[in-house]
Amino acid sequence: MNKSASAKGSVVNRLNDILSPFANKIGNQRHLKAVSTGMMFGLPFIVIGSFFLIFANPPINIDQYDPVKAGVFMKFLATWKEFAVANYDVITAPYNLTMGIIGLISVFGIAYSLSNEYKLNASMNGMVSMVTYLLVCTPVKDGTISLAYLGTNGLFVAIILGLLVVEVSRFFEVKNIKISLPDTVPPMVVTFINTLIPLLTNIVLFYGLNLVFLGLIDQSFPDAVMSVLTPAVNIAGSLGGLLLIVTLGNVLWLFGINGSSIIFPIVFTLGVAQTGLNAEQAANGEAMTHLMNLQMFRISVLGGAGNTLGLVILMMFSKVPQYRTIGKLSFVPGICSINEPVIFGLPIVFNPILGIPFLIMPIVSLFLTYFAQKIGLISLGFIVDPSFTPFFAQAYLATMDWRNIVFYIFLVILSIFVYYPFFKVFEKNQTKLVDEAL
């Protein structure tokens, strides 16, 4: 074995010795295990939803499109864009009813998994958690149901309710609070009748709590949670502020909360404004000076939150078949900065090993991007490029500079090296668990 391979193995072993005991302790905690396992229920829906979202957002900025000068490929993209805009609701319907209800799917999965840990009726508790979640998260107004918290925005509430609903049901089981029935009554009827009390209790308890929030602070429970999590806008205008906000969003992701959706209004609004100022300077023939443009936000989610495209590439060549499968399924969405399949499928949520590079890599990427813009190594963004576009297309469409494409690719390669030792520790632990099970 050569020295570099030996050193690499030594680093992995040291990380393994430090992180594995802590990770095993967390991984065996039944509530965290239920959250991790429960979110796997939504993986197929997340993958399919991602592809429909990509199809609805073709990689072209139609404002910059010139049909006279355009080639065959650009005309094709323009036609695709026109079709996507005209039929956006139809195209994104599968997304809205897959990834768009991932909170609802997850609350069932979490309750189901925790019930299995307690040897309770998993299917029934899953259904009870879904009903409770719908009561709390989908207010009805003028005959219309709000979908705002059925998706990733409602995941934190899904975690809370998925766990607590089962704990309430377990309380009745432990205390043996049941309706006594003769032995002649069929078991299915007994199960049905003894489900009524915990069902009613969960509805009264959690729906009532939601009504208390509405009465006291004029906000639903999900609204109150989101209000607490939303960071202040006035710190976003500097590199330090952006780093803080992006890191906060990524920390929330580690707890199953869609941190990107929380920070998006802040960083996107700032980015668009700065990009517009650069556009004015470019139009006047002046040097562009606004570094905190939209390109910085795009870099912070290059490959998705946590800059996970490098991790996806590592997964595609993993020794663990499960990781290889998830990696291959996640590659195309990852190119378009959609990485829920990795976050919830690997998972990164509640994962103390992969959580470290998940937080570190965006910080490194933003530092490098900021100074690369400052010294003129890459161009500043002056065009508002389309969202959910392949990262290399975004790099060019935002700046019309091929150097930015090379720089983005460099960041992806760098993310492979940053994630590598941590992924190897994680992979080694999984391989060990599989070997022990055989």
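Let's start with L214, which sits in helix α9. Keep in mind that this is a predicted model.

- L214 is partly exposed, because its relative accessible area is 36%, and buried means under 20% while exposed means over 50%.
- α9 gives the most to the patch, with three residues.
- As for its length, α9 has 31 residues and reaches 45 Å from its first C-alpha to its last, close to the 45 Å expected at 1.5 Å a residue.
- There is a bend in α9 of about 25° at L196, and a proline, P198, follows within four residues.
- P198 turns up again among the buried residues of α9, which are N194, T195, P198, N202, F206 and N210.
- Just after α9 comes D218, with a positive phi of about 60°.

**Aromatic pairs**

- How many aromatic pairs does a search of the whole structure find? The search gives 14.
- Take F76 and W80: their ring centres are 6.1 Å apart and their planes are at 45°, so this pair is tilted. Planes have to be under 30 degrees apart to count as stacked and over 60 to count as edge-to-face.
- Both F76 and W80 belong to helix α4, residues 72-86, where they are four residues apart, about one turn of the helix.
- F76 counts as partly exposed, because its relative accessibility is 48%.
- Elsewhere, F41, F108 and Y112 are linked by ring pairs into a cluster.

**Salt bridges**

- Some background: side chains of opposite charge can pair when their charged atoms come close.
- In this model there are four salt bridges.
- One of them joins K33 and E117, whose closest N and O atoms are 3.7 Å apart. K33 is in helix α2 (residues 30-39) and E117 in helix α6 (residues 102-118), so the pair ties together parts that are 84 residues apart in sequence.
- Both partners are partly exposed: K33 at 35% relative accessibility, and E117 with a relative accessible area of 32%.
- R403 and D401 also meet through their side chains, at 2.9 Å from N to O. R403 counts as partly exposed at 31% relative accessibility, whereas D401 counts as buried at 9%.
- Another salt bridge brings the side chains of K424 and E427 together, at 3.1 Å from N to O. These two are three residues apart in helix α19 (residues 402-437), so about one helical turn separates them.

- From N404 to L380 it's 24 residues along the chain, and their C-alpha atoms are separated by 9.0 Å.

- L346 and P347 are joined by a cis peptide bond, with omega at about -5°.
- P347 is in the loop between α16 (340-345) and α17 (355-374).
- That loop between α16 and α17 also holds F350, which isn't a glycine and yet has a positive phi of about 55°.
- With a relative accessible area of 21%, F350 is partly exposed.
- S337 isn't a glycine either, and its phi is positive at about 65°. You'll find S337 in the loop between α15 (321-335) and α16.

Definitions and conventions:
Residues numbered from 1 in each chain as written. Predicted model: local features only at pLDDT ≥ 70, side-chain atom pairs only at ≥ 80, totals over all residues. Heavy atoms only, no water. Buried < 20%, exposed > 50% of the residue type's maximum accessible area, 1.4 Å probe, protein only. Expected span 1.5 Å × (residues − 1). Bend = angle between axes of the 7 residues up to and from the residue. Phe/Tyr/Trp six-rings, centres within 6.5 Å; stacked < 30°, edge-to-face > 60°.
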